[in-house]
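Hi everyone, thanks for coming. Let's have a look at a structure together and take it piece by piece.

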Amino acid sequence: MRIEQLEYLAAVTQHGSLRRASERLHLSQPALGEAITKLERELGVTLLDRRRSGARISAQGRDLLHNMVEVLEAVDRLKEAAGDQRAGSRVVRVGTVNAATAPLLAPAIRRFQAAVPGASVEVVNEQQAEIHQALLEGSLDLGLVNVLDGDDRSPGLVGTDLLHGRPVVVLPAAHPLAVHAEVTVEQLRRERFVLMRAGYLMHRFAHRLFGADLPRDRHTTDGAEMGKLLVVEGLGVTVLPEYSVVGDPLERAGLLTVRPIAGDHTGVTLVLQQRRADHVPAAVRELHAALVAQARSAGA
């Protein structure tokens, strides 16, 4: 068994396919596949489920993953002690549904960068179900997802509540509805609406809010960030968790404003998720701590 083989398996797990891992490692795909196959023969287990859509870590591989991570971290510590400047350059992958990216995630990465100069963060924008699956498979280290009050939590993941709020109407600052203290559902239904695509929590909330009678004039988009940009451009109004708008650069610049939804008391929580594991890499622990600290600062 060679350390490189463990690094190769970790790369395939992280990037989701042999092709993408080979590109990142600057290694041919056949050579990468053969190295992992030899490791499988040596351990006597199937580490990857190889499919046409890509290679994913197997259930047996997930069971062994934390042991492999411990070995790789020990090697990094040894290299660091020996003066290798490349040691400790762990990439932490964070999946986000794109709500609270600017108000929370960016400042938390700044905190993390100061605490762990050698590590880096890769932010991946995905839908909630994809984030859950990637966390369970080990291709993401942390996930930021929204949860409505009463929603079930994933039993295979550990969750830390970061921010609590409510869905609010997001308007251009000069919109006529901005003069009201709150916006009714009927007022909202008469506006051109920016609807989050199916798979996002706010898509489900919009159907709960409007019932079968969605606004007739509407656009559909992926994620909060594009939704906010469409609102700023005057192409419609939308509904998002308040913590994904308040503190956003667009809101701070006076381009966006928010108003409560009259009669609606739904709660929504931003949850930081990770896979249950006996061992969590040091860099992942540091970013987790930075996110929690930033959330506390934002809520203070």
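Let me begin with two helices: H1 and H3 cross each other, and the crossing is left-handed. Before we go on, please keep in mind that this is a predicted model. In general, two packed helices are described by the angle between their axes and the distance between the axes. Here, the axes of H1 and H3, the latter covering residues 29–43, come within 9 Å and cross at roughly 110°. That angle makes H1 roughly perpendicular to H3, because anything from 65 to 115 degrees is counted that way.

Which residues meet there? From H1 we have Gln5, Leu6, Tyr8, Leu9 and Val12, and from H3 they meet Leu32, Ala35, Ile36, Lys38, Leu39 and Glu42. Buried residues of H1 include Leu6, Leu9, Ala11 and His15.

H1 runs over residues 3–15, which is 13 residues, and at 1.5 Å a residue it should span 18 Å. The C-alpha atoms at its ends are 18 Å apart, so the two agree. After H1 comes glycine 16, with a positive phi near 85°.

On to the sheet. As a reminder, strands of a sheet pair through backbone hydrogen bonds, either parallel or antiparallel. In our case three strands make an open sheet, ordered S10-S7-S11, with antiparallel pairing. Strands S10 (238–241) and S11 (256–260) are at the edges with a single partner strand each, so one side of each has no neighbour in the sheet. From one strand to the next, the twist averages 45°.

How many bridges join S7 and S10? There are four, in the antiparallel sense, with S7 covering residues 167–172. One to look for is proline 167, whose bridge partner in S10 is proline 241. Helix H8, residues 201–210, packs on this sheet, where H8 touches S7 and S10. The direction of H8 makes about 120° with that of S10.

Last stop: alanine 178, in the loop between S7 and helix H7 (185–189). Is alanine 178 buried or exposed? Its relative accessible area is 11%, and buried means under 20%, so alanine 178 is buried. Leaving aside residues up to four places away in sequence, alanine 178 touches Leu171, Pro172, Ala173, Thr257 and Arg259. Take threonine 257: it sits 79 residues from alanine 178 along the chain, yet their C-alpha atoms are separated by 7.4 Å.

Conventions. Residues numbered from 1 in each chain as written. Predicted model: local features only at pLDDT ≥ 70, side-chain atom pairs only at ≥ 80, totals over all residues. Heavy atoms only, no water. Pairing = 2+ DSSP bridges. Axes fitted to C-alpha atoms, helices over the stretch in contact; angles between N-to-C directions. Contact = heavy atoms within 4.5 Å. Buried < 20%, exposed > 50% of the residue type's maximum accessible area, 1.4 Å probe, protein only. Expected span 1.5 Å × (residues − 1). Parallel < 35°, antiparallel > 145°, perpendicular 65-115°, else oblique. Left-handed = near helix turned anticlockwise from the far one by under 90°.
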